[in-house]
2 protein chains.
Amino acid sequence: MYAVTLDGFGGPEVMTWAQVPDLPAPGPGEVSIDVVAAGVNRADLMQRQGFYPPPPGASETLGLECSGVIAEIGPGVQDWRPGDRVCALLSGGGYAERVLVPATQVLPVPEDWDLPAAAALPEVAATVWSNLVMTAGLRSGQLLLIHGGGSGIGTHAIQVARSLGARVAVTAGSKFKLDSCQELGASILINYREEDFVEVLKSESDGADVILDNMGAKYLARNVDALAEDGRLVIIGMQGGVTAELNLAVLLGKRGSVHATNLRRRAATGRGSKAEIVAELRRRVWPLVAEGSVVPVISAELPVADAAEAHRLLDSDDTVGKVILRVRED
Amino acid sequence: MYAVTLDGFGGPEVMTWAQVPDLPAPGPGEVSIDVVAAGVNRADLMQRQGFYPPPPGASETLGLECSGVIAEIGPGVQDWRPGDRVCALLSGGGYAERVLVPATQVLPVPEDWDLPAAAALPEVAATVWSNLVMTAGLRSGQLLLIHGGGSGIGTHAIQVARSLGARVAVTAGSKFKLDSCQELGASILINYREEDFVEVLKSESDGADVILDNMGAKYLARNVDALAEDGRLVIIGMQGGVTAELNLAVLLGKRGSVHATNLRRRAATGRGSKAEIVAELRRRVWPLVAEGSVVPVISAELPVADAAEAHRLLDSDDTVGKVILRVRED
């Protein structure tokens, strides 16, 4: 089969669409999927550069999510049959013609959904639901601040939060992105190049009940400052560095909390596992997609052979929503 | 009536048992309690020194908990009658012959419980339950690390955690305190003067699922290091300072969280309020006290006129469990 291979770690040019050994048949509890499209994530860019090695047992091939058609099912798999239209949360291997995945990380794609577009859902949906709802307990009437509102995660988080009845504030670096966030339902729009997000937020609210942050150290103190009473800061990325000073008196004064999470290293099964998150998505988020309250937001679809261009595009920071790679016609 | 008054802020000697104006009758939803005993808390020592002003509307008199007998009930109070034996979580005012408190912060003291000893329960029980269970979600089979296992909060937390089926590790500064913690149910005993708690904990476990910390900045990095996967660090005191560096990559690697909480500034009613916590105590902790699984641990009882001596005693760090002040015979 074909897959994107890496000629060492480095820039986008190290990626080549090349022949690789076929996968083994699915083991117990696994399925294989003939990939129609794969989502591109910022983690892929880091893995390509050698900064984010796959966890033990995961494929070395890039790609944390895909859509496609079930090819084969392993022993013990009851829920899926060959030919089923699906998408899946992967630990790796999505930039390929076929991928192996635990059956518990697969989600159905109904006939009236666009199958390639469904490749944009699993990673953002799992990230957003696990952090906003399972970790932070976001509820109706609360205020959510999303940093990078125009990102794949941001555009999805706005829609999910609105569906839950929360108010949404976003930061982004351009008017175009902020306009897109507003169309999706954000009501407090902050251009971080021109405004201080803490000032804007405090002028328009009592602070954020939940903050979804991808900047890490650079924003830590200001995020804690921007929290409301009982506010929860959830850090899912460290694009602004790793270590920063935390003022515990400020945190204690508002009974705040700082959470840092990752999705990829979660266990396949058990409490807080990928299986649990995927089951929650099916129960709580898939109905929102079915009714049109949450839609995949896709900035660009490129052929998988142009993976390098897709990475450059995501890295340019000019996209709103997701970039997906098309592997085959559906 | 008489109460402990402060001649300015400073050492224990600023406290005097002196006549003060009588309290008004209880307002709507309030009761007054004739105090039999008042618990001494570290927060009282800070307030006496001028470092911990009472929240708006609270009594200026020291004392965050008491036991006694209901004197009067205000309009609308259904649950209590004059003469009921009770204890109560206060926002202040416990070092006095009588105190006013919202009826929702009062708990019953059955006939077969020691009434003065019940003054040792409300503050530690509310602190322990709200942090270990409501904030950190401690569950059966998990490992709890308690810093200052010999303190009032520590000795209560050991018993509650054991009743929940959790394992307990404690730090303390003397063999005597560690022996007491062991008798109460702690199984990992760490003398912080002689051992590094992270090393000991890691040699005996996969890390702590929950840490209850009163040291703040001084322990922040080591506490994060000592957390297990999905571990929750709950900071309820800052005896070791306020600001420290936080390594988000370490936290993210284990999907950990850092919570900082306070009890006194919680609202009287609503979500996460004192009323909610007290209702939970009555439902979940009071049965444990009734069956003897959780007992008040009292190091010393002194006459309220000797409040200065009680403060010196608590400050000496030689006590195991609580110090209480006796206000009248029951």
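Strands β8 (residues 143-147) and β9 (residues 167-172) of chain A run parallel and are joined by five bridges. Strands are DSSP runs of E with at least two residues, helices are runs of H or I with at least four, and both are numbered from the N terminus. A:H147 stands opposite A:T171 in β9(A). This is a predicted model, where local features need pLDDT of at least 70, side-chain atom pairs count only at pLDDT 80 or more, and totals for chains, interfaces and linings use all residues. Residues are numbered from 1 along each chain as its sequence is written, chains are lettered from A and ligands numbered from 1 in the order written, and side-chain values use heavy atoms, without hydrogens and water.

**The sheet**
- An open sheet of 12 strands has mixed pairing and the order β10(A)-β9(A)-β8(A)-β11(A)-β12(A)-β14(A)-β14(B)-β12(B)-β11(B)-β8(B)-β9(B)-β10(B).
- Its edge strands are β10 (188-191) of chain A and β10 (188-191) of chain B, each pairing on one side only.
- Two strands pair if DSSP finds at least two bridges between them.

**Helices α3 and α4 of chain B**
- Helix α3 (residues 122-135) of chain B packs against helix α4 (residues 152-163) of chain B at about 55°, with axes 9 Å apart.
- Axes are lines fitted to C-alpha atoms, for helices over the stretch in contact (heavy atoms within 4.5 Å), and angles run from 0 to 180 degrees between N-to-C directions.
- Among the residues that meet are B:W129 and B:L132 in α3(B), and B:I153 and B:H156 in α4(B).
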